[in-house]
Structures are given as structure tokens and as C-alpha cells.
Amino acid sequence: MNRFFRDKSFIVTGASSGIGRSLAMLLNRDGAKVTIMARTKAKLEQLNNMSKSRLLVCQGDVTREQDCKQAIQASIETFGKLDGLIHNAGVSMRAVAAETDIQTYRDLMEVNFFSMIYLYQQALPFIEKTNGHIVAVSSMMGRYSTQERAGYNASKHALQGFMDCIRLENMDKGIHVMVASPGFVKTNGSLNALTANGTPYGKMDDAIAAGLKPDQAAEIILSAIKSRKRDVYPAGFREKLGFFLSKWAPGKLDKILVKSRVK
Ligand SMILES: NC(=O)c1ccc[n+]([C@@H]2O[C@H](COP(=O)([O-])OP(=O)(O)OC[C@H]3O[C@@H](n4cnc5c(N)ncnc54)[C@H](OP(=O)(O)O)[C@@H]3O)[C@@H](O)[C@H]2O)c1
């Protein structure tokens, strides 16, 4: 039990599954007032029924500005304040860049990047009042790139750039801005990933299956929020080594990634 989160009001997007679901459950365990947003209402209701105390269920699509606005407003109306936004909703891809439809690229940018702008602009006035937290769940793919993820990598790099900018713009307001960059986490991420024409990939990748448990990743993210860290990397050794090499030996990393064809 982490007292830090007690009675704090957090909104978690993409809370119907995977990392977001774990974040919502653990925040609830720690006494936070949690607003959960995703498109699949039945899964949100199921989570609500399982939780220690009542969650605020907000069915919505983060690619719709109006839905993001409604979720923030509902959170304020219900809990009276907002201490943290954790934008976790996201979609990956599995397709080579040259064959991927432009619409699939646009869809990835909408979910993984533009949604953050909608949520940020709506949440900022409330988070200013609480000296709160603005957190994006990005990816190691926002730091370096592997194959067959061009649109995903681009969207997470865009998200990283946006967060790095708003950190500076809010530095003197006492707002904490953090990017979480997970490595492989065992979720439905690869099942839901988009193929070239936008249909779901539908397979569990070996690397994802062997990844961190969603609760482990969520605990690491929450602990970093508590410490007001700038960045956090819930990831295994290999992905962290990749990040290190991307900075200090990028040519070597390229060779490793071409050879290993990370899935
Ligand atoms: N798993 C990994 O290995 C891994 C690694 C690095 C980064 N990440 C990042 O972690 C985050 C969570 O992914 P996950 O692995 O937990 O995958 P997941 O199990 O597929 O969960 C994705 C969540 O996002 C929600 N979502 C997707 N599109 C949405 C939309 N348009 N509007 C609202 N919600 C939407 C989904 O809910 P609905 O379908 O109900 O809307 C679901 O709750 C993502 O940002 C992902 O990029 C994951």
C-alpha cells in the first residue's frame, strides 16, 4: 500500500486491458480516485466490479477530442480535482513500411500521438491547481526503432518530442511531466497491433509473451510518479541495452537489430 496516492484523483486511458488495467487497479489499491477510459465498456465495468472502491467508468475513444474532454470533465465533476493524467492507450503495428497503407499510419498517429494533445489541453488547467502529474506511456520504440513498426515508432517518437516540450513549458509551474518507455510487456499488444491494411495482427509474439507482467510494469511506473522522475523504463535487460547502444553505438545496434529481426 502506497500512501502517496491516497485520495489523489487520476485518469488512466487504455484502462480496459494490459498495462493501463494494472495501473488503474494498483492506483485503486493505493486509495486513489480513478477515472478509467477505453472504448470497451464491458471490460471497464468488469474492472470496476473487481475493484476495492468505485472507479469512474468513461467509455470513450481517445482519437475523439470530445470524448477526451468528456472524460476529464466527468473526472472533475465526480472527484472535484485532477492530480494526474496517465495517457496509456495505444496501438502497435506489424508491417513493413513500404507496404503499409497511409491510413494505417494516420490511425497510429491519431491513437498514439494526437490523443495526447487533446488530453493535455483539457487536463492542464486542473493539473496546474494540484501541481500534479502528466504521464505518457510511450515505448522503447519512442527511443529507438525496430523493423516492421515504422508508423508505431514514428508516433511514439512524436509523443516523446511533445512530452519533452511540455516538460520545459511547465517547469516553473511545479507540474511533473514523465515519459514511461516500456520494453516488452505481456499484454494483448501484439494481438491488437495493426497490419499493413489496418486489420489486427492477432498473434502473441514470443518477445511479448516473455516480457514483464503488466503489474510489474505498472508498479515501476507508479513508483516513478511518486518520485517525480523525468523518465522511466519498465523493461528487460535487452531492451535497456538497446537504448544504451542507440545513444553510444547506434551503428552496432542497427546491425544487431537487422540480424535479430525483433518481433
Ligand atoms: N505491451 C508491450 O510490450 C508494450 C511495450 C511498449 C509500450 N507499450 C505501450 O503500452 C500502452 C498499453 O498497451 P498494452 O501493451 O497494455 O496493450 P493492450 O493490452 O492492447 O491495451 C491497449 C489499451 O488501449 C486502449 N485503446 C486502444 N485504442 C484506443 C482508443 N482509440 N481509445 C481509447 N482507448 C484505446 C485499449 O482499450 P479498448 O480497445 O477497449 O479501447 C486497451 O485498454 C500502449 O501505449 C503501448 O504502446 C506496450
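Visitor: At what angle do helix H4 and helix H5 pack, and how are they therefore oriented to each other?
Guide: In this predicted model, helix H4 (residues 102-130) and helix H5 pack with their axes 8 Å apart, at an angle of about 15°. Angles under 35 degrees count as roughly parallel. H4 and H5 are therefore, at about 15°, roughly parallel to each other.

Visitor: Which residues of H5 does H4 meet, and in which hand does H4 pass H5?
Guide: From the side of H4, the residues in contact are Thr104, Tyr105, Leu108, Met109, Asn112, Phe113, Met116 and Tyr120. By class, the contact of H4 with H5 has 11 nonpolar, 4 polar and 1 charged residues. The crossing in which H4 passes H5 is right-handed, and the residues that H4 meets in H5 are Gly151, Tyr152, Ser155, Lys156, Ala158, Leu159, Phe162 and Ile166.

Visitor: Across which strands does H5 lie, and at what angle does it run to E6?
Guide: Helix H5 spans residues 150-169, and the strands it lies across are strand E5 (133-137) and strand E6 (176-180). Its direction relative to E6 is given by an angle of about 160°.

Visitor: What is the order of the strands in the open sheet, and which are its edge strands?
Guide: The open sheet has 7 strands with parallel pairing, in the order E3-E2-E1-E4-E5-E6-E7. Two of these strands pair on one side only, and these edge strands are strand E3 (56-59) and strand E7 (231-232).

Visitor: Over how many bridges do strand E1 and strand E4 pair, and which residue in E4 is the bridge partner of isoleucine 11?
Guide: Strand E1 covers residues 9-13 and strand E4 covers residues 84-87, and the two pair in the parallel sense over 3 bridges. The bridge partner of isoleucine 11 in E4 is leucine 85.

Visitor: Which helix lies across strand E2 and E3, and at what angle does it run to E3?
Guide: The helix that lies across strand E2 (33-38) and E3 is helix H2, made of residues 41-50. Relative to E3, helix H2 runs at about 175°.

Visitor: Which residues come nearest to the ligand, and which helix gives the most to the shell around the ligand?
Guide: There are 32 residues around the ligand, and those that come nearest are Gly14, Gly18, Arg39, Thr40 and Gly90. The elements that give two or more residues to this shell are helix H1 (18-29) and helix H6 (189-192). By class, the shell around the ligand has 12 nonpolar, 17 polar and 3 charged residues. The helix that gives the most, with 3 residues, is H1.

Visitor: How are H1 and H8 oriented to each other, and why?
Guide: Helix H1 and helix H8 (residues 214-226) pack with their axes 8 Å apart, at an angle of about 60°. H1 passes H8 in a right-handed crossing. The contact is made by residues including Gly18, Ile19 and Arg21 of H1, together with residues including Pro214, Asp215 and Ala217 of H8. Because their angle is about 60°, H1 and H8 are oblique to each other.

Visitor: At what angle do helix H9 and helix H10 pack, and which residues of H10 take part in the contact?
Guide: Helix H9 (residues 237-248) and helix H10 (residues 250-260) pack with their axes 6 Å apart at an angle of about 135°, which makes H9 oblique to H10. The residues of this contact divide into 3 nonpolar, 2 polar and 1 charged. In H9 the residues are Gly242, Leu245 and Ser246, and those they meet in H10 are Pro250, Lys252 and Leu253.

Technical notes: Residues are numbered from 1 along each chain as its sequence is written. This is a predicted model: local features need pLDDT of at least 70, side-chain atom pairs count only at pLDDT 80 or more; totals for chains, interfaces and linings use all residues. Two strands pair if DSSP finds at least two bridges between them. Helices (H or I, at least four residues) and strands (E, at least two) are DSSP runs, numbered from the N terminus. Two residues are in contact if their C-beta atoms, placed from the backbone, lie within 7 Å. Axes are lines fitted to C-alpha atoms, for helices over the stretch in contact, and angles run from 0 to 180 degrees between N-to-C directions. A residue is near a molecule or strand if its C-beta atom, placed from the backbone, lies within 6 Å of it. Ala, Val, Leu, Ile, Met, Phe, Trp, Tyr, Cys and Pro count as nonpolar, Asp, Glu, Lys and Arg as charged, and the others, Gly among them, as polar. Angles under 35 degrees count as roughly parallel, over 145 as roughly antiparallel, 65 to 115 as roughly perpendicular and the rest as oblique. A crossing is left-handed if the near helix is turned anticlockwise from the far one by less than a right angle, and right-handed if clockwise.
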